[in-house]
Amino acid sequence: MKPTQNKRLRFAPSPTGPIHVGNAHTMLFNWLECRSQGATFVLRFEDTDQERSKREWEEVIISEMQWLGLDWDEGPDIGGPFAPYYQTARMSLYQEHFEMLKEQEAVYPCYCTPEELAEERKEADRQKVAYKYSRRCLALTQEEQAKKETEGRRPVWRLFIPDNQLVAYDDLLRGRIEFHTNTISDPVIMRASGVPLYNFAVVVDDLTMHITDVVRGEGHISNTPIQVLIYRALEAEPPRFAHCSHLLNAGRGKISKRKGEMSVRSFRERGILSETLFNYLALLGWTPKEEGKEFLTKEEIIRDFHITDVSRSAAIFDEEKLQWMNGIYLRGKTREVFAELSLPFVVEAGLASEKFLRDNWAWFVNIAALVQERVRLLDEVPPYIDFFFTDEIENDEKAVNKFLSSETKPFIHNVTEALKKVEWDTSPIEKAIRATIDDMALKPKDALLALRVAISGRTVSPPLFESIFLIKRQQVIARLANWM
């Protein structure tokens, strides 16, 4: 792909928690637009919320992006021409641009207390009108300002929103969007501490990093006129904006980061593959050229993607469909790859050490293969195969009471005797067991269920004859002895 001249996009998460799929969706669309158009992708952290921002969450976000297969051209970990890529390290830049706003008389100090502002809001509620700041501090003289400061009041700074103007921009996804300035309250853009608020910091960051295109969630539409006005006051051209619809959860509500819903980490920990989540997220709000095709490679998605093809309609994040897709991906793996993917989940479940599994690799590959067609998530593997790794299996009491009674003891005894002599391979094992059932004139279904419970402790388990072979003769005979 020939690079697009100077086209630059960014993803700017706040490191205040795990990245949820809504943010991952926006991040992916930014990345796809960059890689499909040959543009530059920038990662930066908006970490001015010093109470909630943690370095450990930065590491998690970077790890999850890398796990998804995303890379970036500039960022806090690799540097770049517009470093630093942390807001807390860019305070001098914010101050420099803030002084420019002061020179343009585009901002003014506000000394109002929280109580005074709360009373203004109450009055607006009583009058049933939308709240707008009264601008009571706009006309303060220098003497009045000095008096308030001697009282211990430190001002915040508000952007002056000009009256009777129209702020408009052409959204790449939504077309022309207009806001009348008479409906916008003068926003605080600088705290009394000198730390900028989001709308000001993001403009300075995007401006100084030469960001040309901003792809973000629709929740930022209401912020955009304020940001456009800041650009104007700084005599700068705003970037192109594209506001994607939020992902909705199954209840058609917005997926909430603060509620910890659907984090990338949680899906990874349950055994969703990175290529599954990448593929699924790409299809939420975007349709490939080959309609009806749901399973695409990363290269195919990059080839077809363009941000202007993204739908304005909100997409539902269907966890059930994600799991279904993951099952398809898992079944497409070779036996060895599936075992490799399953290994950390088996170790995490405490069934075996990695060394044991490596030392008995062919055996473990065969065990994992027994459930490859059954699972949709990798964390489903250990509960299916736990009985292979212990001599003290956990029995399902209801299954035992239903299928293992005094009437089944002769059958268990005869099977045990047959298994003592048979060649130890799946086919001879099956023949010996079925011959025993025929000789005793038993119902195959009931007899095999009884044997399954005796061997695994449950009525649902991997294929019986293959399981018996992999458990090995001595352990099988020992388990059957418990029911004779």
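Visitor: How much space lies in the largest cavity?
Guide: About 50 Å³. Bear in mind that this is a predicted model.

Visitor: How many cavities of 30 Å³ or more does a search of the whole structure find?
Guide: One.

Visitor: Which residues lie nearest the centre of that largest cavity?
Guide: His 25, Ser 245, Leu 284, Gly 285 and Ser 313, out of a lining of 13 residues.

Visitor: And how does the lining divide into nonpolar, polar and charged?
Guide: Seven of the lining residues are nonpolar and six are polar, with no charged residues.

Visitor: Pockets next. What volume does the second largest pocket have?
Guide: Its volume is about 290 Å³. The lining consists of 18 residues, and those nearest the centre are Arg 268, Gly 271, Pro 344, Phe 345 and Leu 378.

Visitor: Which elements give two or more residues to that lining?
Guide: Four helices: H8 (264-270), H9 (274-282), H12 (335-348) and H15 (381-385).

Visitor: Which one gives the most?
Guide: H12, with four residues.

Visitor: How many charged residues are in the lining of this pocket?
Guide: Six, alongside ten nonpolar and two polar ones.

Visitor: Changing topic: what is the strand order in the open sheet of three strands?
Guide: The order is E3-E4-E7, and the pairing is antiparallel. Strands E3 (107-110) and E7 (188-190) are the edge strands, each pairing on one side only. From one strand to the next, the twist averages 45 degrees.

Visitor: How many bridges join E4 to E7?
Guide: Two, with E4 covering residues 156-159. Arg 158 has Val 188 in E7 as its bridge partner.

Visitor: What about E5 and E6, what do they form?
Guide: A hairpin, with three residues between the two strands. Strand E5 spans residues 166-171 and strand E6 residues 175-180; they run antiparallel and are joined by six bridges.

Visitor: Which residue in E6 is the bridge partner of Tyr 169?
Guide: Ile 177.

Visitor: What holds strands of a sheet together in general, by the way?
Guide: Strands pair through backbone hydrogen bonds, and the pairing is either parallel or antiparallel.

Visitor: One last residue. Where is Gln 37 found?
Guide: In helix H1, which covers residues 21-37.

Visitor: Is Gln 37 buried or exposed?
Guide: Gln 37 counts as buried, because its relative accessibility is 19% and the cut-off for buried is under 20%.

Visitor: What does its side chain make a polar contact with?
Guide: The side chain of Gln 37 contacts the side chain of Ser 36, at 3.4 Å.

Note on methods: Residues numbered from 1 in each chain as written. Predicted model: local features only at pLDDT ≥ 70, side-chain atom pairs only at ≥ 80, totals over all residues. Heavy atoms only, no water. Pairing = 2+ DSSP bridges. Axes fitted to C-alpha atoms, helices over the stretch in contact; angles between N-to-C directions. 1 Å grid on protein atoms, 1.4 Å probe; cavity = no way out; pocket = protein on both sides within 12 Å on 5 of 7 lines; lining within 4 Å. Points joined across faces, edges and corners; volume = space filled by probe spheres on them. Nonpolar A, V, L, I, M, F, W, Y, C, P; charged D, E, K, R; others polar. Buried < 20%, exposed > 50% of the residue type's maximum accessible area, 1.4 Å probe, protein only. Polar contact = N/O pair within 3.5 Å; in protein donor to acceptor, adjacent residues only side chain to side chain.
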